[in-house]
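Please keep the sequence and the three-dimensional view at hand while reading.

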Amino acid sequence: MKHVLINDSIVPEAEAQVSYKDRGYHFGDGIYEVIRIYQGAFFALDPHINRLFDSAEKIDIALPFSKQELVDRLNVLKEKEVVIDGSLYVQITRGAAERNHLYSREEQPILFGFTLPDKSNEANETNGISAYVTEDIRWLRCDIKSINLLGNVMAKRKASDHDCGEAVLYRENAVTEGSSSNLFLVNNKTLYTHPANNLILNGITRQEIIAVAAELGIDIVEEPFPKEVLAHADEAFVTSTSIEITPIHTFKGDVEATLTLGPITKQLQQALKKRIKTQTSASV
Ligand code: PMP
């Protein structure tokens with residue numbers, strides 16, 4: 001039987017209920033994380049927990065538990081669900097209250113967590129995907145990992161309707177990120193990606209890749225670049241907890257181009273996998 005985490009309790013899925021007054025439903029008033037589990041161990045757990053607490057602070061939610069208490073609860077859920085390879089979704093909403101834009105700071109945050117089995121992304125990692133280039137219509141605080149993802153889900157649907165696996169977004173002509181991923185491109189052996197400011201989510205995978213690239217001696221430029229540059233990239237790829245490093249072989253939409261799957265992408269894929277293996281086998 002599947003179990004879920006609600007606040008400090010692990011309950012059978014059938015008994016997992018949330019209030020219709022949850023502000024997550026009314027306003028998308030909450031935050032979340034997706035944490036990968038490899039070989040029964042969380043990968044990059046601390047950065048995910050830190051980002052969740054940062055997101056809470058940025059939207060003025062005072063969490064009624066410590067980081068360690070949260071980690072303990074997530075571990076209990078992982079053990080209960082016996083996940084070897086998969087991921088854990090955890091969200092916190094501001095709480096349940098009469099519908100009112102104005103929150104009072106008296107609401108009790110609601111924690112919710114569940115695990116998901118591994119969905120293999122191997123074929124995409126090997127063969128690459130098409131990406132649909134479209135305007136970034138989201139708000140100006142994309143650094144917050146908010147559950148309010150309307151701009152992201154609309155972009156993802158649009159991409160899929162054009163037979164693309166991801167949407168690549170641009171704001172005022174500068175490429176920001178994917179609808180659920182960060183974007184990197186390679187030109188003349190240098191790695192380019194948007195800086196971690198309010199216009200993108202600073203992905204944990206993005207940060208891991210920047211660390212891996214530095215170890216490999218690959219130059220990294222964190223600066224905005226115009227969408228036209230995508231058409232001349234030697235290589236491009238998107239990254240996230242779920243898809244790791246997934247190459248892009250075709251851009252469609254507002255930029256059209258065909259790319260080859262190149263050596264730097266492959267080198268980074270291998271180095272990231274090695275890093276994951278080392279870190280997750282060390283912690284079990
Ligand atoms: N940007 C957006 C908009 C995302 O939704 C995600 C994945 N949640 C990412 C970037 C990648 O973040 P991470 O590497 O932490 O999964």
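With a relative accessibility of 55%, Ile137 is classed as exposed, because exposed means over 50%. The model described here is predicted.

**Surface patch**

- Ile137 is located in the loop that runs between β7 (129–135) and α5 (150–161).
- Together with Leu150, Val153 and Met154, Ile137 makes up a nonpolar patch on the surface.
- The accessible area of these four side by side amounts to about 410 Å² together.

**Helix α5**

- The helix α5 consists of twelve residues, and the distance from its first C-alpha to its last is 16 Å, close to the 16 Å expected at 1.5 Å a residue.
- Gly151, Asn152, Ala155 and Ala159 are the buried residues of α5.
- The packing partners of the buried residues of α5 are β7 and β8 (166–171).
- After α5 comes Asp163, which has a positive phi, near 60°.

**Salt bridges**

- Side chains of opposite charge can pair when their charged atoms come close.
- The model contains 22 salt bridges.
- One of them joins Arg36 to Asp118, with 3.3 Å between the closest N and O atoms.
- Arg36 belongs to strand β3 (residues 30–38) and Asp118 to the loop between β6 (110–117) and α4 (122–127), so this pair ties together parts that are 82 residues apart in sequence.
- Arg36 is buried, at a relative accessible area of 10%, whereas Asp118 is partly exposed, at 39% relative accessibility.
- Arg36 and Asp118 are also linked with Glu125, Glu244 and Lys273 in a network of salt bridges.
- A salt bridge between Glu222 and Arg206 has its closest N and O atoms 2.7 Å apart.
- Glu222 is in strand β12 (residues 220–222) and Arg206 is in helix α6 (residues 204–216), so the parts tied together by this pair are 16 residues apart in sequence.
- Arg206 is buried, at 2% relative accessibility, while Glu222 is partly exposed, at 37%.
- Asp143 and Arg141 form a salt bridge as well, the closest N and O atoms being 2.9 Å apart.
- Asp143 counts as buried at 14% relative accessibility, and Arg141 as partly exposed at 33%.

Conventions. Residues are numbered from 1 along each chain as its sequence is written. This is a predicted model: local features need pLDDT of at least 70, side-chain atom pairs count only at pLDDT 80 or more; totals for chains, interfaces and linings use all residues. Side-chain values use heavy atoms; hydrogens and water are left out. Patches are made of residues with over 30% relative accessible area and no salt bridge: like charges are joined within 9 Å, nonpolar side chains (Val, Leu, Ile, Met, Phe, Trp, Tyr) within 5 Å. Accessible areas come from the Shrake-Rupley method with a 1.4 Å probe; for residues, only the protein chains shown count as cover. A salt bridge is a side-chain nitrogen of Lys or Arg within 4 Å of a carboxyl oxygen of Asp or Glu. Helices (H or I, at least four residues) and strands (E, at least two) are DSSP runs, numbered from the N terminus. Buried means under 20% relative accessible area, exposed over 50%, partly exposed in between (1.4 Å probe, protein chains only). The expected span of a helix is 1.5 Å times one less than its number of residues. Contact means heavy atoms within 4.5 Å.
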